[in-house]
Amino acid sequence: MYNEIDLDIIEINSEPPTEEPFRQYYFMAKCRRWVKDFEQKNGRLPKSFVLNMGCQMNARDSEKLAGILEQAGFLEALDEHADFVIYNTCTVRENANLKVYGHLGLLKHEKKSNPHMRIALCGCMMQEPEVVEKLKKSYRFVDLIFGTHNIFKFAELLAATLESREQVVDIWDGTDEIVEDLPVERKYPFKSGVNIMFGCNNFCSYCIVPYVRGRERSRRPEDILREIETLAEDGVSEVMLLGQNVNSYGKTLQEPVSFGELLRRVEQVEGIKRIRFMTSHPKDLSEELIQVMKESKKICRHLHLPLQSGSTRILKAMNRKYTKEQYLELAERIRREIPGISLTTDIIVGFPGETEEDFLETLDVVKKVQYDNAYTFIYSKRTGTPAAAMENQVPEAEVKSRFDRLLALVQENARAQTARFADSVQEVLIEEVNEHDSSLLTGRMSNNLLVHFPGDTSLIGSIRKVRLEVCKGFYYMGTLLENAPQESKTPSRL
Ligand code: SAH
Ligand code: SF4
Ligand code: F3S
């Protein structure tokens, strides 16, 4: 593992090794030398800032970027007043791109007042050729641009940027490579995301992810388990297994392993008390997974099951490969087999060709499933996807009105679903001090609901029992029942 390697003994004047991850350690050592020189010249250590702009998978990547910067010796800055700023971008909707350009305007200004400053952009948006062309042409103050496939090379690219004043651009079209054992700097000491696979093969017709993240690749189960064991030894009690479609985990491995089987193995890891995962595609959700969840004492009582649309006709145009009836049957089966489970979803409004009737089908599914929460999105046209070429785009005003109607229904359901836990006692993982009131702590229940209650900061990171007293719509106010830590024998069931 990386933390067994002493960067200070690496000979940085010799040629870099060709084998990974050793090559990256060599460049980390080079960056460390640069940091020492910086300190000598300026009488202070350089500061770095990593901003994650995307989904949980990007968030995990950002922790890897932060881990490398930490190994190099950078201090962590709380905002863009830093010597090295890196944005890990998202491009799933047009808004995400606009946000990056907005931030870049501010960074340009910041760079004028700090001559040391270097700016880097990486992540999904950088896999779009038009974006990179625009950056090369009109955003010359950006020092480093790289994409999703070569993120493992960050140490090497960082070293190149620190040593040169030229714009460094390195974008790969794809990769089969998965580089293990690079450093990571976790945001929370007690919980962590764990990539189990990369990329996506589903090509939902509206979605840009398969184009910017490449083909589906699963990590080997032994590598995943080794990482989780190390995390557990390091005090992590909750892991979130990450992939664009976790239900198809393991299919591309030399020795195929199902997602259900992987979960069974993760369940055995001592010290891990809670297991979550994201995201499940309904078409691949197996009976095995339902049974594993049912039997598990550690898998959280929450399933995110993206619907996207309730209309079979639109689902077909979206290339989702399930019908309204199949989805409803699946949701019902899950609720029946795992009583008390919370179901959440993603819904897109205004996909090309969506009629009022199609939209009513979506509302119908929402009413029937009674989601605990739903993320609703206005369809965003993504260049290069099949849906972008579809002719019958829905007028904006119509989409907006549908969106508002959907949101009202979703919120009504979410309130009703949240209220069903009133007066119960729940085990919560205490995550942080409440953002608005520092006398309160915030804990997360197995079903992902939050509860705020008075308590001491020393409890952060532990799992405790809390009585849910006042339902505030989408969260609770409560009281801590006792201070003794819960035994891991107690299942975190609802
Ligand atoms: N792999 C996950 C989702 C990844 S993207 C899955 O299949 O569920 C997260 C969500 O963004 C999607 O579920 C979808 O609802 C939304 N989304 C993706 N592309 C979009 C687009 N072009 N316009 C609007 N929403 C989109
Ligand atoms: Fe996009 Fe569909 Fe893949 Fe999810 S499953 S990332 S929505 S293509
Ligand atoms: Fe965005 Fe990339 Fe995630 S496009 S949603 S950050 S995989």
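Modeller: A residue here is called buried when its relative accessible area is under 20%, exposed when over 50%, and partly exposed in between (1.4 Å probe, protein chains only). Of the 494 residues of the chain, 56% count as buried. The model is predicted, so local features need pLDDT of at least 70 and side-chain atom pairs count only at pLDDT 80 or more, while totals for chains, interfaces and linings use all residues. Residues are numbered from 1 along each chain as its sequence is written, chains are lettered from A and ligands numbered from 1 in the order in which they are written, and side-chain values use heavy atoms, with hydrogens and water left out.

Colleague: How do you know that the radius of gyration agrees with a compact globule?

Modeller: The radius is taken over C-alpha atoms, and the globule rule is 2.2 Å times the number of residues to the power 0.38. For 494 residues a compact globule would be near 23 Å, and the chain has 23 Å, so the two agree. Along its principal axes the C-alpha trace spans about 65 × 60 × 50 Å.

Colleague: What makes Lys283 and Asp284 a salt bridge?

Modeller: The rule asks for a side-chain nitrogen of Lys or Arg within 4 Å of a carboxyl oxygen of Asp or Glu. The closest N and O atoms of Lys283 and Asp284 are 2.8 Å apart, so the pair meets the cut-off. By this rule the count comes to 42 salt bridges.

Colleague: What about Lys324 and Glu361?

Modeller: Their side chains meet in a salt bridge at 2.6 Å, N to O. Lys324 is in helix H11 (residues 324–337) and Glu361 in helix H12 (residues 356–369), 37 residues apart, so the pair links distant parts of the chain. Helices (H or I, at least four residues) and strands (E, at least two) are DSSP runs, numbered from the N terminus. Lys324 is buried at 9%, whereas Glu361, at 32%, is partly exposed.

Colleague: What does the salt bridge of Glu354 and Arg402 tie together?

Modeller: The side chains of Glu354 and Arg402 meet at 2.9 Å, N to O. Glu354 lies in the loop between strand E13 (342–349) and H12, and Arg402 in helix H13 (residues 396–419), so the pair ties together parts that are 48 residues apart in sequence. Both Glu354 and Arg402 are buried.

Colleague: Now the rings. Why is the pair of Tyr188 and Phe190 called tilted?

Modeller: Rings of Phe, Tyr and Trp (its six-membered ring) pair if their centres lie within 6.5 Å; planes under 30 degrees apart count as stacked, over 60 as edge-to-face and the rest as tilted. By this rule there are 16 aromatic pairs. Tyr188 and Phe190 have centres 5.5 Å apart and planes at 55 degrees, so the pair is tilted.

Colleague: What makes Phe259 and Phe277 edge-to-face?

Modeller: Their centres are 5.1 Å apart, with 80 degrees between the planes, so the angle is over 60. Phe259 is in helix H8 (residues 259–267) and Phe277 in strand E11 (residues 274–278). Phe259 is buried at 3%, and Phe277 is buried at 9%.
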